[in-house]
2 protein chains.
Amino acid sequence: MSEEKSRLDVVGIGNALVDVLTHEPDEFVTEQNLVKGSMTLIDEDRAHELYNAMAPATEVSGGSAANTVIGVASFGGSGAYIGKVRDDQLGEIFAHDLKALGVEFEVVRAPEGDPTGRCLILVTPDGQRTMSTYLGASVSLSPEDVDPGLIARSRILFLEGYLWDPPSAKAAMTRAAELATGDDQRVALTLSDSFCVDRHRDSFLELIDTHVDVLFANYDEILSLYQTDSLETAIEQVRRSVPITAVTHSAHGSIIVVDDAEIQVPAEPTEVVDTTGAGDLYAAGFLYGLARGYDLKECGWLGSLAASEVISHMGPRPEIDLTDLLE
Amino acid sequence: MSEEKSRLDVVGIGNALVDVLTHEPDEFVTEQNLVKGSMTLIDEDRAHELYNAMAPATEVSGGSAANTVIGVASFGGSGAYIGKVRDDQLGEIFAHDLKALGVEFEVVRAPEGDPTGRCLILVTPDGQRTMSTYLGASVSLSPEDVDPGLIARSRILFLEGYLWDPPSAKAAMTRAAELATGDDQRVALTLSDSFCVDRHRDSFLELIDTHVDVLFANYDEILSLYQTDSLETAIEQVRRSVPITAVTHSAHGSIIVVDDAEIQVPAEPTEVVDTTGAGDLYAAGFLYGLARGYDLKECGWLGSLAASEVISHMGPRPEIDLTDLLE
C-alpha cells in the first residue's frame, strides 16, 4: 500500500495552538474580565498582559482539531492535520507532538509573520477551563494550505468551529469541505463554543446545511445555534439538516441524534481535574469509531471514554494510549 | 524597608533550563544509550535527534537551583535566581515562571547566541527520570552576570553542581561564593549528580573545603565524592569539611550530618509518579527552614515534605502552595 494511496481515518483542520495552563482561583477569572468556561480571542499585547498576571504555567500542544486527531491516533487510528505555526520554538513543540504519535502535519512552519499561536488556559478549582486565545500564525492559514490530495485520502474531514474566526482560515475550511465530496467521505464539524456560534450563526447554518454529515455541539452551542431555550426544538431542527449529531452535556453524557432516533450515551464517571479537551476527545472517540465501522452507540461510548481520560488530568491530550482503555 | 536593603532567604545560581518531559518505557532509555537515573550533557544536534525520537511532551520550567528557589518561594520565603536564557520563547517561559512566584530573576535574556537550554527528561514507569541536557545559553553565564549587591542580600547562596560543567559558569559560581562571606551568610552546594561529581571531584572538594557551609548530596554522590563504598567513611570525611551535610537516600529518608551528630529524617510516604526535582525540592524545604531559624531536624522534615509533593506528579516544581502542606 503506497503512502499516496493510504486512507486516513481523520484529517483535521484547525487553529494550531500551544496551550499555557495554570491553576487560578475564580477571582482571577473575574478580575481578568473573562467569561468562565468560554473562549475569548485576544491580541498579542493582551496575551502578554494576561500571561504576566498568570501563575507558573505548563506548556503543552493543543488546538481543538489537533487534540481530536491526536485522540484518534491514540486509539490506533490514522490521521493528518492542517494548521499553521511559525518556525519558532512553540511551532517546533506543536509539530513534534503531532509527529510523535504518527500524525501527518501538512503545513510548513512559516518563516515569517506572527509567532505560533497560544491559548492561555485558566483552570479553576472546580476543573472548569477558561481560555484566551492569541491566534498568531493560525490567522494566516489559507485555502492554498489545503492539499487536495490529503483531503482525498480522508475517511472523515474534521472541521473546528473556532477556525471560523480568522477570514482566510474560514476560506481554507470551506475549501476543504468542498473537496471532501467522495461517496465514502464524511465531513464533521464541531461548533467549538457558544460565543463562536453567536459570532457566526448564519454562516455556520449554511455550512451545516450544505456540507456537514456529522455535527458535534454541546448543550449551550446547539441552543445558541437555533436561538432557542428548548433542547427538543434544537434537536428537531438539527435532524432536518445533519445526518448525525452528537450533543454533549458534560457529566450528563451525550445524545446522538439521527433521522429516526435519539441515542442516549452516559458519561464515563471520573474525578474532574481539568475539562480542557473534553469535547475534542469526545469527538476523537466518536470519529475513530465511525471511521472503523462501530455502531453509533459504540461511537458515543468511545467518545465518553476518551473524554473521561482527558478530564482526569491537566492538559488537552491523553496521557495514556487510549487503546489501553478499550481492554 | 527599601528594595535594596531587603534580605533574601535564598539566592540560587544554576543552569536555566526548560524541561521537556515524556513518559517512555525502559527500552527507550536503553535504545538511546542513556544511563537511567543520571544526567547526560548533549549538544544541540543530539538534542534534536533525541527529541525527534521522544513521545509527545510537556514543557515546564526547570533547572535544579531554579526549582529550589521556586520551592523556597512556595513555602513563603524570598528568593532570587541568577542564570542565563536567550530572548526566545523558552526564555520567556523560564522568566515568567520565576517571576510569577515573586522570584527576582537577575540575568537579562541574551539577544544573541545559543537558544535557551533545555533538559529532555524521560520518565519511566517506575517514576525514575533520566535526563539529557542541552545547556544552550546557560553555557555563557559568566562572572559579570553575578551582581555583588544581590549576593550581599542573601541569607543563603545556593550553588548547583551541574553549573560546574561549563567553564565560565563555574567561574560565575566561584565568584558568587567568594562574595558571600558575610557573618550571617551561608553558602550551600548541591552535588547534583554522581557523574557530575566524577567529572569534577577535585575542584568540588576544594570548593567544599573553602566555601561550603551546607552540602546536599544523595547516597551515590557522597560515595563518589570520597571514592568509597562506605557511607560511614564518607560521613566521617564530610563532617571534617562541612558544618552541615544532608545526605538524601530516596524513600529511605535523609541523614543530616553535623560535627557531633547524625540526625535521621524519614521520607514522607507518597506514590512516586516522577522523581524529577526530588533533590531540588528537598533542598528547598531544608534551606527555607534554615533561613527561617528552624532546627535541623525540622529543616530535614520540610525537605522531605517538599520532595514528597514534587514526586507525586510529573514535573520538577510544586503544583500546590507548599505552605498548604505546613498546616
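**Entry 1: contacts between the chains.** First I needed a rule: two residues are in contact if their C-beta atoms, placed from the backbone, lie within 7 Å. I also noted that this is a predicted model. Then I looked up the two chains. I found 19 residues of chain B in contact with 19 residues of chain A. Which elements of chain B give two or more residues to this side? They are β4 (58-61) and α4 (89-99) of chain B. The largest share, five residues, comes from α4(B). I sorted this side of chain B by class and got 10 nonpolar, five polar and four charged residues. Next I checked the matching side: 100% of the interface residues of chain B are also interface residues in chain A, so the copies meet through the same surface.

**Entry 2: symmetry.** I reminded myself that two copies of a chain are related by a rotation about an axis and a shift along it.

Entry 3: I traced an open sheet of nine strands in chain B. I wrote its order down as β6-β5-β1-β9-β10-β11-β12-β13-β14, with mixed pairing. Strand β11 (residues 214-218) and strand β12 (residues 244-248) of chain B pair in the parallel sense, over five bridges. In β12(B), B:Thr248 is the bridge partner of B:Asn218. I also looked for a helix on the sheet. Helix α6 (residues 167-179) of chain B packs there and touches β1 (8-13), β9 (154-160) and β10 (186-190) of chain B. Its direction makes about 155° with that of β9(B).

**Entry 4: the cores.** The largest nonpolar core has 106 residues. Those touching the most other members are B:Leu157, B:Leu159, B:Ala176, B:Ala188 and B:Leu287. Helix α11 (residues 278-291) of chain B gives the most to this core, with 10 residues. I followed up B:Ala176. Beyond its neighbours within four places in sequence, B:Ala176 is in contact with B:Ile13, B:Val146, B:Ile151, B:Leu157 and B:Leu159. Last, I noted a second, separate core of 105 residues, which includes A:Ala73, A:Ala169, A:Val187 and A:Leu215.

Note on methods. Residues are numbered from 1 along each chain as its sequence is written. Chains are lettered from A and ligands numbered from 1 in the order in which they are written. This is a predicted model: local features need pLDDT of at least 70, side-chain atom pairs count only at pLDDT 80 or more; totals for chains, interfaces and linings use all residues. Two strands pair if DSSP finds at least two bridges between them. Helices (H or I, at least four residues) and strands (E, at least two) are DSSP runs, numbered from the N terminus. Axes are lines fitted to C-alpha atoms, for helices over the stretch in contact, and angles run from 0 to 180 degrees between N-to-C directions. Ala, Val, Leu, Ile, Met, Phe, Trp, Tyr, Cys and Pro count as nonpolar, Asp, Glu, Lys and Arg as charged, and the others, Gly among them, as polar. A nonpolar core is a set of buried Ala, Val, Leu, Ile, Met, Phe, Trp, Tyr and Cys residues joined through C-beta atoms within 7 Å. A residue is buried if 20 or more other C-beta atoms lie within 10 Å of its own, exposed if 12 or fewer, and partly exposed in between; C-beta atoms are placed from the backbone.
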